[in-house]
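Visitor: Could you walk me through this structure? I'd like to start with a pocket and then look at a sheet.

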Amino acid sequence: MTAGLRFFRAMTAMVYLMAAVGALAGMGLFCLFLVAVKDLPRVPEPIGRINDTPATEIFSADGQRILTIGGRETVALDDVSYPFIQAILATEDHRFWEHRGVNKIRTIKALWITLFESGRIQGASTITQQLAKNLFFSFERTWLRKFRELLVALQIEAQFSKQEILEAYVNQIPFGVGAYGIGEAARTFFGKSAGELNLAEASLLAGLPKSPTRYNPFRYPERARVRQQVVLKRMVTAGMISHEEAIEAEAVSVDLRTQGRSLRVDSYFLDAVMKSLEETYSPEVVYHGGLRVYTTLDAGMQQQAEKALQQGIAELESQMDMTHRTEDTAVEDDNGLQGALVAVDVNTGAVKALVGGRDFFQTPYNRALQDNRQPGSGFKPFLYYGVLESLDKTPADVMVDQPVSIPVAGKPPWKPRNFRRTYDGPMVIKKAFTESVNTIAAQLVSAVGPEAVIHTARRCGITSPLNPVYSVALGTFGVSPLEMAAAYATFASGGVRHPPYWIRRVEDVSGRVLEEHIITGERVLNASINFQLVDMMAGVIDNGTGNVVRRMGFALPAAGKTGTTNDYNDAWFTGFTPNLSTSVWVGFDRGQGMRDKNGAGITGGRGAAPIWAQFMKQATDGEPPRAFMAPPDIYFKKVNPETGSLAGFWTRDPVTVAMRKGQP
């Protein structure tokens, strides 16, 4: 056989093979088409009705609607400023006037990534395709859904003019903070109509839909400005404005409208809810999907928390020397004295109230969720539980309050001091706890080891980073008020941990349950040892560093712990009744020390405990007294506070301690 004949036969086989592959591919595409066109949604007439999707509604625990996301106002395209039209086209779809619903180059690139890069679904949506998304009530990001959206986009392009499509689109864009569509966005952010937007304002708004929460100019003005610059550059590249016009717009100081309090209700709580929803379902679903979200919020309790925190901080400021602060406070991000409060249902983990600062609209930074504040002595309960559990000590055992120097390998000795800079000698462990004696806590962590402290904290639900060093027992690693409230709720429940949550149930537009929180508790602490600890924590309120709670008139059975950090940078009080666990933090964002006009430091008992007491008095108003339930093996005895021996009628200031059977 000649070489030419062999070559001819090989080429013939190749042609047949390619024809077969092409036929199979064609059949595959045809089958794909048949699957995709099945049950395609109908495009409404007129196209503006595509925006008639139901609003997402968020409800409090008692069924009260507290936020609606969606109500839309339709603005005619002729009534929208031309700079905004240019800005949104440059940002979202600069070839909008040229294509027929599909950007072929971007689609091929996205298809390649979707097919050949495992785990990635790449979008290449045109404005028309983004409109088509609103007709689908499944929020799965799959290649089949993307293909079906493409088919609907082609239908939209064939049925309506470009002007009609663009008008429908600008009236459905989510801009964040409840603003939906260009009309509402212009009023919300600038207090003007959509037709009055200048280039600087239009380019700022056009950058928001990519991530309304991340680029929220009320909360993140610098991020929004950087995003605005991206929009202006795209407008220059697309030939819509000149380079000089872009520079001029960048230099314009954009005056945002002062947010009214009616814009967001209970905003720190809803801020947490919105973030959770967007992370789980994406902003597209949250703003377009008609979700019904049932939260754990107690609206009355939330208002009481906000009021108690604001009044308490104002009272503190009247006592403090506000000039006694470091020189670097004269900067834009100094928000003054701040605070946070979180209240958690002991028996479920439901977050009933959450306040992350004095005023959401001035400082939306949510301090209730940030794990960067040291709790000080508020961390000691995790140490003392470990001591009672691992060292088999009792609240009646005696320790000595004295100067200590604890060796640390490779470092100078650790020499913690008491805040009062005095030493009281021998005392029982319960007294050392209620009076928050640092030197005794240091001796105990040296004996039990920092790992035991961390182990208890983790069991109770503390998730923030903790290093196994001795000072962890004195609260030198940052935690959040939410963590502290939830962890203390574990003590209040008798040692059963319930993870905190704020979303009870989410339903889609047709009532199908997308998620539902099932209450589950896990026993993580020994009930009897836990009760001994709770009894000591009750002593903090009755006779110790948190006694201001009783002086302010809160009479229900309660337990808790104060916390104060070095230089008085942080003041904490976290405490609980059998039903409600609440944590309060007060301090400056930039960590300056808190001192009164006489130079005295503001402690947890002075700064945070009064706010806790004021809130808890209102939050538990009308509740009957309910004691913490003692396990059957617990008994009580009165002891001498210095020797631990059984107290007699002659003993001065005896201490009542909870003991387990078998303990002397």
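Visitor: What lies nearest the centre of the second largest pocket?
Guide: Lys-430, Gly-539, Asn-543, Val-655 and Thr-656 do, among the 21 residues that line the second largest pocket. A pocket here is an open set of points on a 1 Å grid where a 1.4 Å probe fits, with protein on both sides within 12 Å along at least five of seven lines, and lining residues have an atom within 4 Å of a point. This is a predicted model, where local features need pLDDT of at least 70 and side-chain atom pairs count only at 80 or more, while totals for chains, interfaces and linings use all residues. Residues are numbered from 1 along each chain, and side-chain values use heavy atoms, without hydrogens and water.

Visitor: Which element gives the largest share of that lining?
Guide: Helix 18 does, with 7 residues, and helix 14 (429-434) and strand 20 (655-660) each supply at least two. Helices are DSSP runs of H or I with at least four residues, strands runs of E with at least two, numbered from the N terminus.

Visitor: Now the sheet: what order do its 5 strands have?
Guide: The open sheet runs 2-1-5-13-14, with mixed pairing, and two strands count as paired if DSSP finds at least two bridges between them. Strand 2 (65-69) and strand 14 (513-516) stand at the edges with a single partner strand each, so one side of each has no neighbour in the sheet.

Visitor: And how do strands 5 and 13 pair?
Guide: Strand 5 (292-295) and strand 13 (503-507) pair in the antiparallel sense over 4 bridges, and Val-293 has Val-506 in strand 13 as its bridge partner.
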